[in-house]
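Let's take a friendly walk through a protein model, one region at a time. Keep the sequence and the 3D view side by side as you read.

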Amino acid sequence: MKRKLPLLTPDTAPFWQGGATGQLNICHCGSCQRFFHPPAPICPNCQSFKVGPRAVSGRGKVASFTVNHQAWVPDLPVPFVVAIVELADQPGLRFLSNIVAIAPDEVRIDMPVRVVFEQHEDVWLPLFEPDTTQKKESA
Amino acid sequence: MKAQLFEKNVAITGIGQSEVSRPSTKSAMRLSLDAALEAIADAGLQRSDIDGIACWPGDNDNGNPFSPVGPSALMSVLGLKVNWYGAGYEGPGPLTGLINGAMAIAAGLCNHVLVFRTIAEASGRLKNKGASALTNKTVGRDGSYFWQWYTPFNVMSGVNLMAQYAQRHFHDYGTTSEQLAQIAMTCRANAVRNPKALFRTPMTMDDYMASRMISTPLRMFDCDVHCDASTAIILSRTDAAKDGPNPPIRLEAIGSALHQPWSWDQISLTDMACFDVGRMMWSRTDLKPKDVGSAQLYDGFSILTMMWLEGLGLCPRGEGGQFIEGGQRIALDGQLPINTNGGQLSGGRTHGLGYVHEACTQLWQRAGERQVTPHRVAVAAAGGGPLGGSVLLVKE
């Protein structure tokens, strides 16, 4: 199905197009050394303008999720998983995505996942699939 | 110096509401007029007394059924001469119009503000079932600061976002679907006693469990029901409120805080805006949660009602599920009756001001078969995710 795609700006393009080179780019602050999301020209933590995209590991865990069963528009294939993924690179660093390559019923909170890119026009959507190489943390 | 508590200079003096229909044969403007004129008359005022008008979010999207009538249209049609008017989506949730109107009065701009909220989503969905899909909020590529981080991942309804909070609450606190069911079942039981409510057939636990899964763990009965309706509230300066026919209902305290990013996935998944709002509201009054006699808490999705109970300190954090278990505490004859008109889940998605209308209906003891024990203090809160606002009401 055709997806709704984001409008690319100088701030957001590195996030949406990093997949072209297999990288998940997240905004990083050169002053306080923290990642932040969504991307912006200033660090929300220390207000430094010394910010820019930096490739992260692409590994993380499911912070929360839902299995969507409702076809909101006629050609929407259901069910599918919408999840908030917390990246391994920094506590609390997270964004919303889809979990793919797994039966929707099998997704769980804290499940290890890794990024996989799906290209639509000039956008590489960062989706996540189960990561069997990561050990599940017993948090 | 303690900050001035502006809301204490403002009181609700009248309320009005159109028919609540699915759909209505009336235009959205006619519904707005029905609500506004009823509210003005209820306050014992004339049209010429109204010198301010506010709503949320206003007509900012070409008559979109989510908000087809804004203040500029209604003031013109009513022939109002106002000193101040305003609307806009970006504020502390569906009570933004009420909070802005109160500020206009406290700032000395107005004496009597007409606050209203009109919605025509039942009609809208008849014409186009996908009318309210988030992916249809923008034409072409999504450049919205709010939605662009969700729509590419096929998030088309807010339910996919609220479900994240529900799933996390279930995971962290052991909340169950059987507990959450009590929000929907309580609303339905109250709707049975409200002639204006849309869904009035009693609901059992089996009915709830059998309702279609929409976005795990939220079922169809966890989602509110679209309607066509308009609700209006008259706010008056307290010294101008004393002459009216109704005992003024003072705005004792307002909560409008957001100490986190405006984002559905960057805010705390177990706090949303509710806790920021609750802390602010209680910091502006000597009253305590135990003083509240009824609570009208946003139920666009059932999980939000439970989180408002926690955020406003009406039950301990994380214990929302235990608090509502069995439903006795939140029933009409319980220690804290909630959503006494059936809420949006069974009454209709009047979207925000309906809660304030019902809070006043209860305080003024006009609630007929659903009237709870008479009380002086009520709370209304609306919003989910980063959107959130609340108002603590005290009847003089």
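## One residue and its surroundings

A residue is called buried if 20 or more other C-beta atoms lie within 10 Å of its own, exposed if 12 or fewer do, and partly exposed in between, with C-beta atoms placed from the backbone. B:Asn9 has 19 C-beta neighbours inside 10 Å, so B:Asn9 counts as partly exposed.

Where does B:Asn9 lie? B:Asn9 is in the segment before strand S1 (10-17) of chain B. Helices (H or I, at least four residues) and strands (E, at least two) are DSSP runs, numbered from the N terminus. Apart from neighbours within four places in sequence, B:Asn9 is in contact with B:Ile105, B:Ala106, B:Arg237 and B:Thr238; contact means that the C-beta atoms of two residues, placed from the backbone, lie within 7 Å. B:Asn9 and B:Ser256 are 247 residues apart in sequence, and their C-alpha atoms are 17 Å apart in space.

## About the model

This is a predicted model, in which local features need pLDDT of at least 70 and side-chain atom pairs count only at pLDDT 80 or more, while totals for chains, interfaces and linings use all residues. Residues are numbered from 1 along each chain as its sequence is written, and chains are lettered from A and ligands numbered from 1 in the order in which they are written.

## A sheet in chain A

Chain A has an open sheet of three strands, in the order S2-S1-S3, with antiparallel pairing. Strands S2 (35-36) and S3 (51-56) of chain A are at the edges with a single partner strand each, so one side of each has no neighbour in the sheet.

Strand S1 (residues 24-29) of chain A pairs with S3(A) in the antiparallel sense over six bridges; for strands to pair, DSSP must find at least two bridges between them. A:Leu24 stands opposite A:Val56 in S3(A).

## Where the chains meet

How many residues of chain A are in contact with chain B? There are 27 residues of chain A in contact with 28 residues of chain B. Strands S4 (59-68), S5 (80-87) and S6 (94-99) of chain A are the elements that give two or more residues to the side of chain A that touches chain B. S4(A) gives the largest share, six residues.

That side of chain A has 17 nonpolar, seven polar and three charged residues. Here Ala, Val, Leu, Ile, Met, Phe, Trp, Tyr, Cys and Pro count as nonpolar, Asp, Glu, Lys and Arg as charged, and the others, Gly among them, as polar.
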